[in-house]
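This report is for a reader who is new to the structure shown here. Please look over the sequence and the model before reading on.

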Amino acid sequence: MKIISFLAITLFMLSCASVKETSKISQTVNVSCGKCNFKMTGEECDLAVEIDGKYYYTVGSGIDEHGDSHGADGFCNSVRKADVVGEIKHGVFYIESLQLLPQ
C-alpha cells in the first residue's frame, strides 16, 4: 500500500511540474551568455535567460542576433533586461519573442 501511495504522489508531482514547465511565460527577464555570465555548463557561448532564479538556454533566438556577443555591450560581457514570451520545455526556453530593453 505504501508503494502505491508513493507512486501516486510521485506521478501527481511530476504532472504538476510538467504543467508549470510548459506554461506560457511573458515577463521581463535577465538575458545573457549562459556560459560567460550565468556560469552554465557548455562548450560555446549561447543565449540564456534567467526566469524565477533559474537559468535556461534558449531556442528561437541566437546570441549574435542582437549584436556582436563579444562586443563591449554584447551578451558575453553584459547581462541585459528583455521582455520575452515563450515556453519552457525540457529545461530549454523556447522564445516566441524577445525585445531588449534600453540599457
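This is a predicted model: local features need pLDDT of at least 70, side-chain atom pairs count only at pLDDT 80 or more; totals for chains, interfaces and linings use all residues.

How many disulfides does a search of the whole structure find?

## Cysteines

The search finds zero disulfides. A disulfide is a covalent bond between the sulfur atoms of two cysteines. Here the cut-off for counting one is 2.5 Å between the sulfurs.

Cysteine 33 is in no disulfide, and the nearest cysteine sulfur, which belongs to cysteine 36, lies 3.5 Å away. Cysteine 33 counts as buried because its relative accessibility is 0%, and the limit for that class is under 20%. Cysteine 45 is likewise in no disulfide. For cysteine 45 the nearest cysteine sulfur is that of cysteine 76, at 3.5 Å.

## The barrel

Five strands close into a barrel, and their order around it is 1-2-3-5-4. The pairing in this barrel is mixed. On average, neighbouring strands of the sheet are turned by 55° against each other, with direction ignored.

Strand 4 covers residues 80–89 and strand 5 covers residues 92–100. These two strands pair in the antiparallel sense, over eight bridges. Within this part of the model, aspartate 83 stands opposite glutamine 99 in strand 5.

## Leucine 100

Leucine 100 also lies in strand 5.

Which residues does leucine 100 touch, not counting residues up to four places away in sequence? The contacts are Val31, His66, Phe75, Arg80, Lys81 and Ala82. Of these, Arg80, Lys81 and Ala82 fall within the residue range of strand 4.

## Salt bridges

Side chains of opposite charge can pair when their charged atoms come close. In this model the count comes to two salt bridges.

One of them joins lysine 24 and glutamate 96, with the closest N and O atoms 2.6 Å apart. Lysine 24 lies in strand 1 (residues 24–33) and glutamate 96 in strand 5, so this pair ties together parts that are 72 residues apart in sequence.

Another salt bridge is formed by the side chains of lysine 89 and glutamate 87, at 3.8 Å from N to O. The cut-off for a salt bridge is 4 Å. Is lysine 89 buried, partly exposed or exposed? Lysine 89 counts as partly exposed because its relative accessibility is 31%.

Terms used
Residues are numbered from 1 along each chain as its sequence is written. Side-chain values use heavy atoms; hydrogens and water are left out. Two strands pair if DSSP finds at least two bridges between them. Helices (H or I, at least four residues) and strands (E, at least two) are DSSP runs, numbered from the N terminus. Axes are lines fitted to C-alpha atoms, for helices over the stretch in contact, and angles run from 0 to 180 degrees between N-to-C directions. Contact means heavy atoms within 4.5 Å. Buried means under 20% relative accessible area, exposed over 50%, partly exposed in between (1.4 Å probe, protein chains only).
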